[in-house]
Amino acid sequence: MTSDIGVPLLPSTTRRNNTTEASVSGAVFNISTTMIGAGIMSIPATMKVLGVVPAFILIGIVAVLAEMSMEFLLRYTYTGEVTYSGGLVTYAGLMEESFGKVGSFLVQVSVMVTNWGCLVVYLIILGDVLSGSEHGESVHLGVLHEWFGSHWWTTRPYALLFLVFSVLLPLLLVRRVDSLKFSSAASVLLAVVFVGLSSVMAILAVIQGKAEKPKLFPDLSAHVSFFNLFTAVPVIVTAFTFHFNVHPISSELGKPSKMIKATRIALVLCATIYFTVGLLGYILFGDDLSSDILVNFDRSSDNPLLNDVVRLSYAFHLLLVFPLLNFSLRTNIDELLFPHKPVLANDNLRFLSITCIILGLTYVAAILIPDIWVFFEFVGSTTVVLLAFVFPAAITLRDVRRISTTRDKVIAVAMVVIAVVTSTIAITTNIYKNIST
């Protein structure tokens with residue numbers, strides 16, 4: 001296929017003719033929104049584990065690897081002789097071209113597990129912000145309880161139910177990714193607001209002499225294992241994973257060169273936001289940082305108004321990220337269950353049914369699951385790593401279209417080795433910690 005033609009994941013009937021291509025700026029917002037999700041709130045905790053300098057280096061390395069793996073996917077989408085005749089070009093389609101039905105199935109399952117886990121995490125965090133949470137002896141009051149007191153409608157089930165029907169469902173019914181560019185832009189703006197307000201609070205802490213001095217390097221004392229440092233890797237990798245949206249976004253851009261440009265801009269933007277949030281959070285709370293930094297922004301702090309605005313800006317950011325992750329999840333479920341049906345966007349009953357079932361199950365899970373950290377510790381070391389690095393590298397090494405260079409294959413091998421080694425150590429360390437406690 002030529003470099004100027006893309007097939008949308010959710011095309012309209014006139015897409016091949018005169019439909020206007022999406023803008024690079026819109027793609028930047030969509031990619032950034034996909035990446036800046038729940039992972040951002042745990043970046044400060046990873047900086048506490050790693051120290052400032054190693055965390056900065058790790059963020060840079062993961063960003064570079066994410067860009068390389070995205071280019072691998074685009075190269076096999078738009079270059080060479082297409083050997084897959086299964087219809088629309090998707091991530092699963094590329095894997096099926098290289099590894100048959102097994103490859104396609106692995107991608108679809110990985111996307112579904114990762115994205116659905118993220119959606120559940122988002123709703124859990126929204127519930128924590130609005131209605132509060134309790135972990136052991138630590139009680140975190142939500143903004144609704146702080147403002148209006150304890151009522152039935154301020155509890156987690158009802159607060160989330162209102163959000164599901166009034167905000168999320170209308171956004172999920174949008175059928176083109178580019179149609180979400182304005183909500184994506186607002187989402188990125190809210191993330192910037194989060195960073196800006198955290199900066200103000202950090203500056204005030206420095207002026208008042210309450211700032212904590214961040215460690216430049218990890219403290220490997222007798223009580224801290226070297227292998228514990230690897231537990232920060234899955235969080236950083238999760239924060240840079242957007243690969244399941246490469247095809248729907250790039251197909252609406254038209255030219256792969258536009259996607260590469262948009263991705264590079266988005267990666268620089270997100271890396272800057274991550275490092276800034278991590279450093280500011282560390283300065284504000286020091287070693288008292290929780291794995292969920294929002295727990296530190298409660299009424300017990302010195303700036304209650306700023307604390308509430310920070311929490312709400314982050315909560316609404318997640319609210320607007322939700323639809324983008326739902327796009328790829330919904331498409332992969334449809335492709336797995338209804339491979340021979342018409343395009344999902346053109347089948348109203350199927351589109352609405354899958355959308356409502358996903359949203360309903362996500363809501364139920366967010367009410368029943370009390371903690372989000374299983375996702376970051378284990379899913380971030382498995383399905384997320386597969387989607388971001390292992391699968392794109394495997395496609396390059398398989399090279400069914402005979403377009404990979406020696407340099408590509410060396411990078412792919414290095415990518416797989418790094419991903420497997422770091423993930424294995426992180427999983428083993430987390431299992432050992434959970435058994436020990």
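Biologist: Where does α14 bend, and by about how many degrees?

Modeller: In this predicted model, helix α14 bends by about 40 degrees at V390. A proline, P392, follows within four residues of that bend.

Biologist: How many of the residues of α14 are buried?

Modeller: Burial here is a matter of relative accessible area, with buried meaning under 20%. For α14, 13 of its 16 residues are buried, so the helix is largely enclosed by the rest of the structure.

Biologist: Let's look at a neighbour, then. At roughly what angle do the axes of α4 and α14 cross?

Modeller: The two axes cross at roughly 175 degrees and come within 10 Å. Here α4 covers residues 91-131 and α14 covers residues 383-398. Angles over 145 degrees count as roughly antiparallel, which makes α4 roughly antiparallel to α14.

Biologist: Which residues make that contact?

Modeller: On the α4 side, they include Y91, L94, M95, F99, L106 and V107. On the α14 side, they include T383, V384, L387, F391, I395 and R398. P392, the proline that follows the bend, also belongs to the contact.

Biologist: How do the residues of this contact divide into nonpolar, polar and charged?

Modeller: The contact of α4 with α14 has 15 nonpolar, 4 polar and 1 charged.

Biologist: Staying with α4, is N115 buried or exposed?

Modeller: N115 lies in helix α4 and counts as buried, at 0% relative accessibility. Setting aside residues up to four places away in sequence, N115 touches F244, L325, S328 and L329.

Biologist: Which phi does R402 have, and is R402 buried or exposed?

Modeller: R402 has a positive phi of about 60 degrees, and it is not a glycine. R402 is also placed in the loop between α14 and α15. At 71% relative accessibility, R402 counts as exposed, whereas D399 counts as buried.

Biologist: How should I read cysteines, and how many disulfides does the count come to?

Modeller: A disulfide is a covalent bond between the sulfur atoms of two cysteines. To be counted, a pair of cysteine sulfur atoms must lie within 2.5 Å. The count here comes to 0 disulfides. As for accessibility, C118 is buried with a relative accessible area of 10%, and C270 is buried with 0%.

Biologist: Residues separated in sequence can also come together in space. How many residues apart in sequence are A27 and V246?

Modeller: They are 219 residues apart in sequence, and their C-alpha atoms are 9.9 Å apart in space. A27 sits in helix α1, residues 24-35, and is buried with a relative accessible area of 2%. Beyond its neighbours within four places in sequence, A27 is in contact with I249, L253 and A262.

Biologist: And for the protein chain as a whole, how many helices and strands are there?

Modeller: The secondary structure comes to 15 helices and 2 strands. Of the 437 residues, 56% count as buried. Among contacts between residues at least 6 apart in sequence, 84% join residues at least 24 apart.

How values were computed. Residues numbered from 1 in each chain as written. Predicted model: local features only at pLDDT ≥ 70, side-chain atom pairs only at ≥ 80, totals over all residues. Heavy atoms only, no water. Axes fitted to C-alpha atoms, helices over the stretch in contact; angles between N-to-C directions. Parallel < 35°, antiparallel > 145°, perpendicular 65-115°, else oblique. Contact = heavy atoms within 4.5 Å. Nonpolar A, V, L, I, M, F, W, Y, C, P; charged D, E, K, R; others polar. Buried < 20%, exposed > 50% of the residue type's maximum accessible area, 1.4 Å probe, protein only. Bend = angle between axes of the 7 residues up to and from the residue.
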